Amino acid sequence: MSVLTRDEAQTRAKLLDVHRYTIALDLTTGDETFASQTVIRFTARTEADTFVELKPAELREATLDGRPLDPGTLEENRLPLEGLTAGEHELRIDAVMRYSRTGEGMHRFTDPTDGETYVYTQLFLDDVQRVFAAFDQPDLKAVFDLTVTAPEGWSVLANGITEHLGDGHWKAATTPLISTYLVAVAAGPWHSVRTEHRGLPFGIHCRRSLAPHLDPDADELFEITKQCFDRYHEKFEEPYPFDSYDQAFVPEFNAGAMENPGLVTFRDEFVYRSAVTDTERQTRAMVIAHEMAHMWFGDLVTLRWWDDIWLNESFAEYMGYQTLTEATRFTDTWVDFGVVRKGWGYDADQRPSTHPVAPEAVDDTAAALLNFDGISYAKGASALRQLVTWLGEKDFLAGINTHFARHKFANAALADFIDSLASATERDVHAWADAWLRTTGVDTLRPVVTRGEEGTYTLQVEHKGSRPHRIAVGLYDQDVADEGRHLVLRERLDLDVPQNTPQPIGKRPTLLVLNDGDLTYAKVRFDTDSFKALTETLSGLPSPLTRAVVWNALRDAVRDGELAPTAYLDAARAHLPHETDLALVQGVLAFAATYVTDRYVTPEQRPAALTTLSSLCRDLIRRTEDGDNPGLRLIAVRHCIDVAAHPDTIAAWLADGTVPGGPELDPELRWRVLARLAVLGATDETAIAAELERDPSATGQEGAARCRAALPTEEAKARAWEAMFTRDDLSNYLFTATAQGFWQPEQTDLVRQYVPRYYEDAVALAARRGPAIAVAAGRSAFPDYAIDEDNLRLGEACLRDADPIPALRRKLVDQLDDLARALRVRQA
């Protein structure tokens, strides 16, 4: 498929003014394809040639102003429109399109629980051409009229209110001006719950088989939605710009969610079939807030080209966390951001594939797709949080509202946004943008504490990097009333970095924390005395956000080879039993299990590392025996299963259907236990088949695929490899589940032969099946437990000689850099 270049988009935007799309989709023509008819009305400003994009199974007919076009001129995904004259035109396209099984275009899914079928669109970034013909670039906005013919018993959702005309015919209300990638359709026998808020219809929708799990959460989902909706109307002068607000939880979705105007689609794992923690509910609420922010940032005002994707994602990320904190019961959301999302940003920003928050060299859509990463989301949101700290929220919001007023239902670029902000403040926002949005990498801040006269001290911040920072510095002393087990905040200082003069801090604090409150984006280190104090007092810090800053600093120190991985485990062992914030417990355990025990410690150290984590989890389970903290107990049970070195205890849990003292094993925990037993060679195909019969859902199918791939036999590995890399019939979710089961640190010798095969087979697979599977192959199927020089050399040779498609190349670059880092950590 030909990708659209920025130069081509700019040329076409100068030529065309697109007015209206009239689209008719027929979803009753079979299981493999659907019919798509499109009428595009547009104006050409001058005589020229151009093209329209579509990727059909069959192009049946095309006419321009009534003149037939030769379907044979369609080359890859481009149909030439030659000899355009200045003035108005009408293009008609009649095509047959393929359903997708990879979450791209029009995805089709049949629920194994009840046999019901659902379809939905995911048209981001340039997949609209898999559904209907379009001038597929964000700055050619138009209005859309949509009709859908669907099987009897289905309902149809779209960007606007839909009306059933009878006999399976549905019509959606005409949209305002929106970009092509934001058009949305979801059709099937949906289970729907509806309400109204501020005069607008609100709805939530899911598969029928998930109705028993959605209904108990409907009140919570609507409450979060309404609270965020009202808070955005307090922040933004421009009212919500669409006629309804539907949220559909759809199967096998590639992202967390997608901000289609009036019809947000979410991965339906957010409809919880099993027990979850309050932090996981907070995450779901944050995604709701994030996607709603997009109704203004991205949908009302849309980027002109994909180099400004941060104008969508960074803003939605920042606004999602901030608004959730202000408007809902989830008041500590920045802790979760600090311990989970910022790590994602820091990691991405230290790889060779790093890029500025607002890059200048996004030459085509393939390159743009690679930038949906921790930089565009987490780093960008961190930069905005620093901007608000520096600018003040009043001026920040004034600039935002100016931006909406100037560019509503249109497109804008970085320069437009900076001009809007500059209109609301005397500060040099342009210089700030150059320093923060056009640069790469992570600054490092290190305290230098110097003793002065009469026992007083000063602080100087050693700054490695180029960005200005406004930070808070926390000075903490031991709580003498508590025999030193807890710390109290003596003072929090505001400090601009770089400093002009040393900062007086009075007497020497027990602990000094840079970036207290996590208001900037930088790695922080500790002076010698503070680091020593941390080993005894970390859990005694009064604020969970301060503790998140400290845990992030320890995480960075491990990754940079400055702190032994075993020292991180020791800190977790000492302090997590006293931790009260679930996001921190989950974040620290996740890093300890995924990176420390599985990658950073040597094979000889791994058994002891697993024993440390297992002992820690048992402590947490004992701590929660009274039932007062079920979320913490659930986290501990999950990780106790994942790090089990021997099968007896967890096998007994599975046989009994419960952990002694609770919880009972719900489907998620049962599959988790069975997967670990498979890794340990303590179960077999008979047990997996029996569990699948017990839970034949889509999630059960994934659990079975994960377990089968994890069995430690040559036959099981061969079958899993063939399913992933040869048959090409796995959906995106089943591919990922199979890949997750395949590579296991306990099975290094068994799968060693597949390490060199991976590179050749992944390159071929990505070329055949496209970007979504390429990302899954690079993320989940990569042999990341083969921490050795041979794997690194094989990967480097692949990048040099095999020419993988961009989506896979980017994943391989990142994985190989992580592999090289793991080797350095082991050597350190």
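Predicted model: local features only at pLDDT ≥ 70, side-chain atom pairs only at ≥ 80, totals over all residues.

Reader: Why are helices α3 and α5 called roughly perpendicular?

Author: Helix α3 (residues 218-235) and helix α5 (residues 310-327) pack at about 105°, and their axes are 9 Å apart. Angles of 65 to 115 degrees count as roughly perpendicular, under 35 as roughly parallel, over 145 as roughly antiparallel and the rest as oblique. The two helices are therefore roughly perpendicular to each other. Axes are lines fitted to C-alpha atoms, for helices over the stretch in contact, and angles run from 0 to 180 degrees between N-to-C directions. Helices (H or I, at least four residues) and strands (E, at least two) are DSSP runs, numbered from the N terminus.

Reader: Which residues make the contact between α3 and α5?

Author: Contact means heavy atoms within 4.5 Å. Among the residues that meet it are Ile-224, Arg-231 and Tyr-232 of α3, and Met-319, Leu-324 and Glu-326 of α5.

Reader: How do you know that β1 and β2 are paired?

Author: Two strands pair if DSSP finds at least two bridges between them. β1 and β2 have 10 bridges, in the antiparallel sense, and Asp-26 has Ala-35 as its bridge partner in β2. They form a hairpin with six residues between them, where Gly-30 in the turn has a positive phi of about 140°. β2 also pairs with strand β7 (residues 87-98) in the antiparallel sense over 12 bridges, with Val-39 opposite Arg-92 in β7.

Reader: What makes the pairing of the eight-stranded open sheet mixed?

Author: The order is β5-β4-β7-β2-β1-β10-β13-β12, and the pairing is mixed. β1 (residues 16-26) pairs with β10 (residues 143-149) in the parallel sense over seven bridges, whereas β1 and β2 are antiparallel. The edge strands are β5 (67-68) and β12 (162-166), each of which pairs on one side only.

Reader: Why is the pair of Phe-315 and Phe-396 called stacked, and what is the pair of Phe-42 and Phe-135 called?

Author: Rings of Phe, Tyr and Trp (its six-membered ring) pair if their centres lie within 6.5 Å; planes under 30 degrees apart count as stacked, over 60 as edge-to-face and the rest as tilted. Phe-42 and Phe-135, at 5.2 Å centre to centre and 75° between the planes, are edge-to-face. Phe-42 lies in strand β2 and Phe-135 in the loop between β9 (117-122) and β10, so this pair ties together parts that are 93 residues apart in sequence. The rings of Phe-315 and Phe-396 have centres 6.3 Å apart and planes at 5°, so that pair is stacked.

Reader: Why does Phe-229 count as buried?

Author: Buried means under 20% relative accessible area, exposed over 50%, and partly exposed in between (1.4 Å probe, protein chains only). Phe-229 has 1% relative accessibility and therefore counts as buried. Phe-229 lies in helix α3 and touches residues including His-197, Leu-200 and Met-292.

Reader: What makes β2 largely enclosed?

Author: Nine of the 12 residues of β2 are buried, so this strand is largely enclosed by the rest of the structure.

Notes
Residues numbered from 1 in each chain as written. Heavy atoms only, no water. Lists of a residue's contacts leave out its neighbours within four places in sequence.
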